[in-house]
Amino acid sequence: MGNCVCPDNLRRMAKDQLFSMKESLLSLRNLTITVGDFYFERILVDGLNLEISPESIMALVGGSGSGKTTTGLSILRLLPPALRVVRGEIIFNGHDLLKYSAEKMRGIRGKEIGLVFQEPLNAFNPVFTIGYQIAEVFKAHTDLVSQQIFEKIPQLLEQVGIQDARRIAQSYPHQLSGGLRQRAMMAQALAGGPQLLIADEPTSNLDVTSQAHIIELFRQLKEELKLSILLITHDLGMVAHLADSVAVLSNGKVVEQGDIKEVLADPKHSYTRELLEAMVV
Amino acid sequence: MKNQSLSEFQIALGNFKKNRWALLSVYIIFILYVGAILADFLSPYSYKNEDRKFSYCPPTKIHFLKEGKLSWPFIYGVQLTFDEYHKRVYKINEKENYPLHLFSRGDEYKFLGIIPGRLHLIGTSQPARFYLLGADSRGRDLFSRILYGARVSLSIGLIGVLISFAIGLIVGGMAGYYGGVVDNILMRLCEMFMMIPGFYLLLALRSAVSDKFSSLQVYFAIIIILSFISWASLARIIRGMCLSLKEREYVLAAKAIGLTDFKIIVRHILPHTLSYSIFALMLSVPGYIIGESALSLIGLGIQDPYASWGNLLSDAMSIVRIKFAPWILWPAFFIFLTVVCFNVVGDCLRDCLDPLLKSEKKIS
Amino acid sequence: MLLELKNVKKYFPVRRGFWGESHESVRAVDGVDLTIARGENLGLVGESGSGKTTLGRIILKLLPVDSGDILFEGTDITHLSARQLRRIRKNFQMVFQDPYSSLDPRFTIKNIIQEAMIFDEKGMTRLQQEDRVRELLLAVKLPEDVAGRFPHEFSGGERQRIAIARALARSPKLLILDEAVSSLDVLIQEQITDLFKDLQKKFSLTYFFISHNLRVVKRISAKIAVMYQGKIVEIASTSELFHNPLHRYTQALLTAAMHYKVSTTNQEISLDERSRLIDQGNGHWVRQ
């Protein structure tokens, strides 16, 4: 009973899909990912269908073990070697990313699709400054010369709301607070000018006030840069204040999907209801 | 579905077993140690058994065909003659043939120093001598001496390493856990030891030890000297690991329970350095073996008539002898084999245990 | 009165001179007064850098205080010898934040819990110890067969339950929860907070809940203290704090937590050296 998708939901999903198939930025179709072992194979993501429209924030919500991070990483084909995509398509701007060569994927990562991690301390190399690491993105994906990059970096940092950008660019990751680091990581993800940003639990390690700032920042970026964001999180409260549409994941399957206002107002699946209740302060 | 609960250590061991070279090396090491323990039985002769008539006799060929027919393995007798250059030549006398005996009675020995016996795996009847790997200057069987030598060389490696390991863990553990003044003092001590060039310290300590020591005492003296100079580098690394390990939350939890410092270090911190320590241990055994060989080679280690691989090689220090009796280099092969095997095992252990050095977080 | 803190201070030196004297210090805990009554859970909220974790460690006697007093059930426990410490430690225990590193991965679950009982061992036979382990695992709603397994086989929520079982091994009176649910996802957070409420009734515990997550703190605490830059800026009963936050920092915190909005005052809220906690009536104190 728990996992069945009721006809209403199906209709709603089908309607959404039909509507957005024309202009979908990213669409995951029947995505199935397994983790193989010598002893047994386990399905992490089971026939996932997802549509992300341009200039919208889609939230992927679920508990730990639901497969949401796995899904996010699989879009950029950054899964650890033990995990395999056994079925499905990842269509980005009309092309199936799963069929891309390594060279082509490199052109996508950082340039067309950016990734923001949960723990910025791990994502940044501690021996290089923030500015240097952002410059690496520019060097890899654009033809700008050093002088131009040098000018662009403070602009980029200011865009993500970092004051005193020049000083921050010359700092090392461990010298910044968690909130600043998270912003710096977003700056790095945006350096290539992507159309889609995948944010994996971007605020889990942050304090409440920093979290509020980052949410504000996401909203800003979506409007100013016409960005689409795939927000992976277990915090339905944040989703309620930020996302346009939401997909709820449980055990690798989508149990509910749709426009955020509709889902929050009228959650059809028991899991969604549980999550909502947990969010009440 | 696996029902058995495996500790991380056991999982790593499982991985280890999948590496063929490492497994092979483990088997070889095992065979060498078994050979050393059973040296009395496996060797045709005692290490002292000499016969000057067979000085530098080349390795005896074993024949399986008698007049074209398959027969029990046998050897021919040899006769020592000198050619026109006064070089030794052993003429094979085909008229005398001596069959090889399995489980023959030979020289007396005391197994493990207690049980007397005369049984040897292979032997032959007098007056022929069976030299599997040739003879040395006094006609002693090299193969037998290599087996007896294995006892010394291999055990020194093991015992010496365990001693310096123990010292290194204690010193490193204390320095890392307490920090501050304790750390300072202990690390300066380590540096003092590391500063002196190893081989010279070895020689100096050896000469400080009395001349009148019996062989057994020399043996222990060598072990102690070798471990004395090598504990310092292990201690430094263990100290570094302990410095970071003591910040882990389970250490804090143990403190909150109220465990004494000693218990915390021994139960919670040092075991986590084990993965590093074990492969460091494996990789330093060769150093001990070579250290002992070096000492014995120059005459400061195990003395004649006792055998050790190093002292067997002292015979091979002359190029003339190597040219005319190349089999005296066999001990070097065994040293080489042992060293390579320990290195392979150590490398593979490190690869398997490496993930344990870092903490794990799961992807969801 | 279960626990009292009087003007506790803990400074960490930032720069040391050549001879070890400190030039600058981080004032992690800067004159904190707190009381925890038996059965009345206290929540401590604050952001990273507020000093709340340091305070937790101080109460647990894992860190020495620079000045001030700590009283447990009326007895001064500020300065104790190691032996005396060991005796009183059974009264308060802590559940740590990270379930992945608070359990030693080389120990089985049984060993982990038994180790906590190490001082009571003398009075207990092996069978009694095993029974106690089973009892504790049952209390945290874990099946019995986990005792022989290793931490890495369990999920974050399950590991946290094991950590709780360990903390309860010596029947403490006060349980300090240092961000105990922050690394778990929301539904598991709910389960664990429900478990806490359950255990409180069963074992007459009192909780001191340190967290930056207001939602969770609200569920368990009767009283909440707000900490900022090493000082307590507001204390009130839970409902009073949420309905009527008086200090600007508390208000900013609540706006961010409940509405995910950055509060309008963007400049740093600074605390005056001379400010004191003033009673507003109703047990509601604000720093002014």
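The model is predicted: local features need pLDDT of at least 70, side-chain atom pairs count only at pLDDT 80 or more, and totals for chains, interfaces and linings use all residues. Residues are numbered from 1 along each chain as its sequence is written, while chains are lettered from A and ligands numbered from 1 in the order in which they are written.

**Stop 1: chain A**

Select chain A and colour by secondary structure. It has 12 helices and 10 strands; helices (H or I, at least four residues) and strands (E, at least two) are DSSP runs, numbered from the N terminus. The radius of gyration of chain A is 19 Å, close to the 19 Å from the globule rule for 281 residues, so chain A is as compact as a globular protein of that length. Here the radius is taken over C-alpha atoms, and the rule is 2.2 Å times the number of residues to the power 0.38. Along the principal axes, the C-alpha atoms of chain A fill a box of roughly 60 × 45 × 40 Å.

Of its 281 residues, 43% count as buried. A residue is buried if 20 or more other C-beta atoms lie within 10 Å of its own, exposed if 12 or fewer, and partly exposed in between, with C-beta atoms placed from the backbone.

Now select residues 7-112 together with 194-278 of chain A as domain 1, and 123-192 as domain 2. These bounds come from an automatic or database domain assignment. The C-alpha centres of the two domains lie 26 Å apart. Their contact takes 11 residues from domain 1 of chain A and 12 residues from domain 2 of chain A; two residues are in contact if their C-beta atoms, placed from the backbone, lie within 7 Å. H9(A) gives the largest share of the domain 1 side, four residues. By class, that side divides into six nonpolar, four polar and one charged. Ala, Val, Leu, Ile, Met, Phe, Trp, Tyr, Cys and Pro count as nonpolar, Asp, Glu, Lys and Arg as charged, and the others, Gly among them, as polar.

**Stop 2: where chain A meets chain C**

Show chains A and C together. In this interface, 22 residues of chain A are in contact with 21 residues of chain C. On the chain A side, the elements giving two or more residues are H9, helix H10 (236-242) and helix H12 (270-278). H9(A) gives the most, with seven residues. The chain A side holds eight nonpolar, 10 polar and four charged residues.

**Stop 3: chain C and its helix H9**

Chain C has nine helices and 12 strands, and its C-alpha trace spans about 60 × 50 × 35 Å along its principal axes. Of the 288 residues of chain C, 46% count as buried.

Select residues 248-259 of chain C, which form helix H9. This helix has 12 residues and reaches 16 Å from its first C-alpha to its last, close to the 16 Å expected at 1.5 Å a residue; the expected span is 1.5 Å times one less than the number of residues.

Which residues of H9(C) are buried? They are Tyr249(C), Thr250(C), Ala252(C), Leu253(C), Ala256(C) and Ala257(C). These cover an arc of only 160° around the axis, which puts them on the same side of H9(C). The arc is that of the directions from the helix axis to the C-beta atoms.

Bring chain A back. The cover over the buried residues of H9(C) includes helix H9 (208-225) of chain A, along with elements of chain C, among them strand S3 (42-45) and helix H7 (214-220). Just after H9(C), click on Tyr260(C), where phi is positive at about 50°.

**Stop 4: where chain C meets chain B**

Show chain B. Here 25 residues of chain C are in contact with 18 residues of chain B. Helix H2 (82-88), strand S6 (92-95) and helix H3 (109-116) of chain C each give two or more residues to the chain C side. That side divides into 12 nonpolar, five polar and eight charged residues.

**Stop 5: chain B**

Select chain B alone. Its secondary structure comes to 12 helices and four strands, and its C-alpha atoms fill a box of roughly 85 × 60 × 40 Å along the principal axes. Of its 364 residues, 39% count as buried.

Colour 53-140 of chain B as domain 1 and 146-357 as domain 2. Their centres, taken over C-alpha atoms, are 39 Å apart. Eight residues of domain 1 of chain B are in contact with seven residues of domain 2 of chain B. The domain 1 side of this contact has four nonpolar, two polar and two charged residues.
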